[in-house]
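I opened my notebook to record what I looked up in this structure, beginning with a sheet and ending with a helix.

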Amino acid sequence: MATVLIDGKAIATQIQLEVKGQVDKLQSQGVHPCLAVILVGNDPASRAYVGAKQEAGRQVGIRLIQHDLLEDISEPELIWLITTLNDNPEVHGILVQLPLPDHIGEHNIIAAISPQKDVDGFHPCNVGRLTAGLDTLVSCTPNAVSQLISRSGIETVGKHVVIVGRSNIVGKPLMNMLVQKARYANSTVTVCHSRTENIENFTLQADILIAAIGQARFIKADMIKPGAIVIDVGINRIEEDGKTCLVGDVDFAQAIGVASMITPVPGGVGPMTVAMLMKNVVKVATLSMPC
């Protein structure tokens with residue numbers, strides 16, 4: 001079977017062009033989309049992610065203000081900074097780069113961000129609206145998967161989607177998106193996780209298999225139904241042949257020839273996630289305009 005690659009990088013470029021057009025229009029009306037990013041500590045991976053967001057913002061014309069904080073900052077001090085950004089009308093989106101140091105409560109920080117500026121889509125209010133099928137700011141990675149599906153013309157109505165992973169960032173919101181009564185949703189969704197017994201019994205039923213478990217090359221060929229569509233959300237750094245490389249949660253080499261369509265790593269969901277962040281910032285900026 002010939003496997004078709006789903007080119008997330010190309011689709012992300014298309015979305016960025018759309019976002020740039022929206023930014024240009026907003027700027028002509030006196031609105032200058034702005035994203036505030038808070039980075040606590042000096043984790044190399046977090047710095048790399050923030051750098052990618054900086055570059056994406058530059059390409060589409062979104063101003064990005066970066067707050068670099070020491071790792072020993074207290075939780076009240078961090079919440080105070082978030083509060084000042086909530087109150088700043090020139091800041092449209094607020095993003096706190098995760099993970100945070102152990103002495104800071106992640107849920108407290110997420111709850112401190114105004115739901116209207118929560119461009120990561122993690123605030124309980126936005127999660128609740130997503131569950132209820134209401135318009136809201138949606139988590140960027142689940143939204144990236146949804147856009148990959150819709151822009152690739154993948155039919156989801158009545159299909160069995162199996163999500164491997166139950167995180168608050170990917171698995172749970174994606175489940176809520178795909179069960180909604182909507183185009184490119186209306187799916188039957190099964191969620192598997194680290195405690196699922198005989199997980200292959202479920203993955204082999206999937207018309208669309210989404211891997212988001214955070215384990216390198218976890219999904220093997222014998223876990224994929226022939227002809228299934230495979231979307232790999234995982235980004236894992238491993239040492240191989242004396243060098244560091246990025247691989248997904250799917251054993252890509254094994255999946256080729258079994259899956260009908262598949263996203264590569266890198267170049268699949270990753271570029272789309274950053275594009276969806278930019279799209280969320282523009283959404284907030286647009287809603288901030290006076291009627």
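Before looking at strands, I noted that two of them count as paired if DSSP finds at least two bridges between them, and that helices (H or I, at least four residues) and strands (E, at least two) are DSSP runs numbered from the N terminus. I also wrote down that this is a predicted model, in which local features need pLDDT of at least 70, side-chain atom pairs count only at pLDDT 80 or more, and totals for chains, interfaces and linings use all residues. Residues are numbered from 1 along each chain as its sequence is written, and side-chain values use heavy atoms, with hydrogens and water left out.

Entry on the sheet. I looked up β5 (residues 160-164) and found that it pairs with β6 in the parallel sense over five bridges, with Val161 standing opposite Val189 in β6. Both strands belong to an open sheet of six, in the order β1-β11-β8-β7-β5-β6, with parallel pairing. Because β1 (4-5) and β6 (188-192) each have a single partner strand at the edges, one side of each is left without a neighbour in the sheet.

Entry on helix α6. After α6 comes Gly153, whose phi is positive, near 70°.
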